[in-house]
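Let's take a walk through the side-chain packing of this one. Have the viewer open and follow along.

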Amino acid sequence: MLTLARKRKDDLLISPKDRRRWLVLIFGLAIAFGVMLPKDLTLGIGMFAGLVGLAVVIVCLLNAEAGLYINVIYSSFVCLPMRLFDDQFPVGVISNILVVATFLGIFVKGKSGRLTFNAFTQTSVARAILAIFFYIMLELFNPLAHSFDGWYATFRALLMTILLLFAAYAVFDNWRSIRRFIIFVFCVMLVVALYGCFQQWHGLFDFELRWVSADPVRFALIFIAGDYRKFSTMGDPAGFAIVMACVSVFYLVLLTGPWSTKRKLVLLPGVVVLLMGMAYSGTRTANAMVLGGMVLFMLMTINKKSTVIFSVFAVAAFLLLMYGPFGGNPTINRFRTTFTGSQDESFNIRNVNRKSIQPYIYYHPIGGGLGTTGAYGAQVNPGHFLAGFPTDSGYLKKALEIGWIGLFLIVALYFSVVRAGIHGYFHCKNEKAKNIYVAATCCMFSFYVAEYAQDAVGQITDIVIYYPMIALILRLREFEYEIT
C-alpha cells in the first residue's frame with residue numbers, strides 16, 4: 001500500500017528531465033521577447049498575445065466550465081483594450097475560437113456527449129433552435145439575396161450560439177456548477193457596471209474620447225443632449241445597457257427569494273450598481289426591459305405576500321422617477337422619455353418606417369435574404385431593396401430578412417423558452433429553485449421585450465448571458481433537491 005501511494009505521488013511530480021526542458025523553454029521565450037520587443041513592438045506583442053491565447057484555448061479544452069467563464073470574461077472586457085486600436089481586431093473570430101474550444105472541452109473532460117446530446121434534443125427549446133438552424137441553411141438559396149457573405153455571417157453566428165448553448169447545458173450537470181455560474185456572472189457584471197459608473201462620475205478617459213470622436217456616426221449615437229452615454233467595457237451604450245438590464249432583472253428577482261440575509265445584503269447594493277450603470281448608458285430600451293421583466297415576475301408570483309409588498313414599492317419608485325422633482329437630471333429625463341409614447345419623435349419615425357415596409361413582408365414569406373438590411377446590408381448587398389433600411393427592431397429585421405415564416409419560428413423559440421421557465425417554476429417543489437426559475441424566466445422575457453426596439457439577441461456581449469440562462473432553465477429541475 002505504501003509503495004503504491006509513493007508511486008502515485010511520484011507520477012504527479014515533474015521529473016528532473018522534464019523540469020529542465022520547461023526551464024529551457026521559458027528561458028528561450030524570455031530571450032525571444034527581450035530581443036523582439038525593442039526591435040519590433042507590434043511583433044513582440046503579437047507573439048506574447050499568441051502564446052497567451054494558446055494557453056487560454058488549452059484551458060477551454062481541458063475544462064469546459066472554465067471555458068464558459070473565459071467566454072464571459074472575454075465578451076465583457078475585450079472591447080475596452082480594442083478602443084486603443086480603433087476596433088481593428090477580429091473580436092468575433094476570437095470569440096468563435098473560444099466557443100468551439102469550450103464545446104470540444106465537453107468531450108475532453110470525459111462527459112458522455114451522446115447521452116447529453118440526446119437529453120438536450122428532447123427539449124422543445126432545442127428542437128425549435130434546430131428548426132431555425134435548418135431554415136437558415138435553406139436561406140442560402142433565397143433568390144433575392146445577392147451576397148454569400150451576408151448569409152455566412154448569420155449562419156456562423158447561429159452555429160456558435162448552438163455550440164455555446166449545448167456547452168452550457170453539459171456544464172450545468174449539478175447544482176454546484178449552476179450556483180458557481182450565477183455567482184461568477186454577478187461578480188463580472190458588477191465590475192462592468194462599476195466601470196460604467198466610474199465613467200459617469202469621473203468622465204471618459206482620453207483614449208475613450210478619441211475613440212468616440214473618430215467616427216461621426218458613433219459620436220452622434222453616444223453624445224446626446226450635451227452628455228456622453230456610458231458604454232463601460234462593452235462595444236456601445238446599447239449593448240452595455242441590454243446586458244445590465246437583463247442581469248439586473250435576474251438578481252433583483254433573486255432578492256425576493258428565500259435566501260439568507262447575508263446573501264441578500266451582498267446582492268442588494270450590487271443590484272443598485274447594476275441599475276445605475278444601466279441608467280447611465282442612456283438606453284431607453286433597457287428601462288422597458290426592466291419594467292417588462294418585473295411585470296412578468298408580478299404575474300407569476302402574484303399569490304405571494306412578498307410580491308404584493310415588492311409591487312407597491314416598485315410602483316412607488318416608478319412614479320417617483322416619472323413625476324418627481326428631478327427635471328434637471330439628464331439621466332432621469334432620458335428615463336422618462338422611454339414612456340412618452342407618441343410624444344417622442346424618434347418613436348413616431350420608427351412607426352412610420354414599420355408601416356411603410358409591411359407590404360414587403362406580406363409578399364415575401366421567406367424574406368429578402370440574410371444580411372440585406374441596415375448599414376451592413378448596404379455593404380454586402382448594395383442595390384438590394386432593403387439595403388440601408390433602418391430596422392430599429394429585432395423582430396422587424398428578422399421579418400424582412402427571413403420572412404414571416406422565419407419570424408414565426410423565432411417567436412416559437414421565444415415562446416418555448418418562456419414556457420419552459422414557467423413550467424419549471426410551477427412544477428418544482430424547492431422554493432429556492434422556484435425563485436431561480438422565475439428569475440431566469442423574467443430575464444429571458446426582458447430580452448424579448450428589448451427585441452421590439454433593438455436587435456438585442458445575438459451580440460457578442462449578450463450571448464454569454466442569454467444562452468447559458470436558457471441552459472439553466474432546461475437543467476435546473478433535475479437538481480432541485482440538491483439546493484439547500
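Rings of Phe, Tyr and Trp (its six-membered ring) count as a pair if their centres lie within 6.5 Å; planes under 30 degrees apart are called stacked, over 60 edge-to-face, and the rest tilted. Two quick notes on the source: this is a predicted model, where local features need pLDDT of at least 70, side-chain atom pairs count only at pLDDT 80 or more, and totals for chains, interfaces and linings use all residues. Residues are numbered from 1 along each chain as its sequence is written, and side-chain values use heavy atoms, with hydrogens and water left out.

**Aromatics**

A search of the whole structure turns up 28 aromatic pairs. Take Phe205 and Phe207: their ring centres are 6.1 Å apart with planes at 15°, so this pair is stacked. Phe207 is buried at 18% relative accessibility, while Phe205, at 30%, is partly exposed (buried is under 20% relative accessible area, exposed over 50%, partly exposed in between, with a 1.4 Å probe and protein chains only). Elsewhere, ring pairs join Phe133, Phe134, Phe148, Trp151, Tyr152 and Phe155 into a cluster.

**Core**

A nonpolar core here means buried Ala, Val, Leu, Ile, Met, Phe, Trp, Tyr and Cys residues joined through side-chain atoms within 4.5 Å. The largest one has 122 residues, and Met189, Tyr251 and Met444 touch the most other members. There's also a second, separate core of 8 residues, including Tyr74 and Met82.

Val247 sits in helix 13 (residues 237-254) and is buried, at 2% relative accessibility. Leaving aside neighbours within four places in sequence, Val247 is in contact (heavy atoms within 4.5 Å) with Val185, Met189, Leu274 and Ile465. Helices, by the way, are DSSP runs (H or I, at least four residues), numbered from the N terminus.

**Salt bridges**

What counts as a salt bridge is a side-chain nitrogen of Lys or Arg within 4 Å of a carboxyl oxygen of Asp or Glu. The structure holds 7 of them, and here are some:

| Pair | N to O distance |
|---|---|
| Arg180 and Glu65 | 2.8 Å |
| Lys304 and Glu431 | 3.5 Å |
| Asp455 and Lys397 | 3.1 Å |

Asp455 lies in the loop between helix 21 and helix 22 (463-475) and Lys397 in helix 20 (residues 394-427), so you get a link between distant parts of the chain, 58 residues apart. Salt bridges with shared partners join Lys397, Lys398, Glu451 and Asp455 into one network.

Key:
Helices (H or I, at least four residues) and strands (E, at least two) are DSSP runs, numbered from the N terminus.
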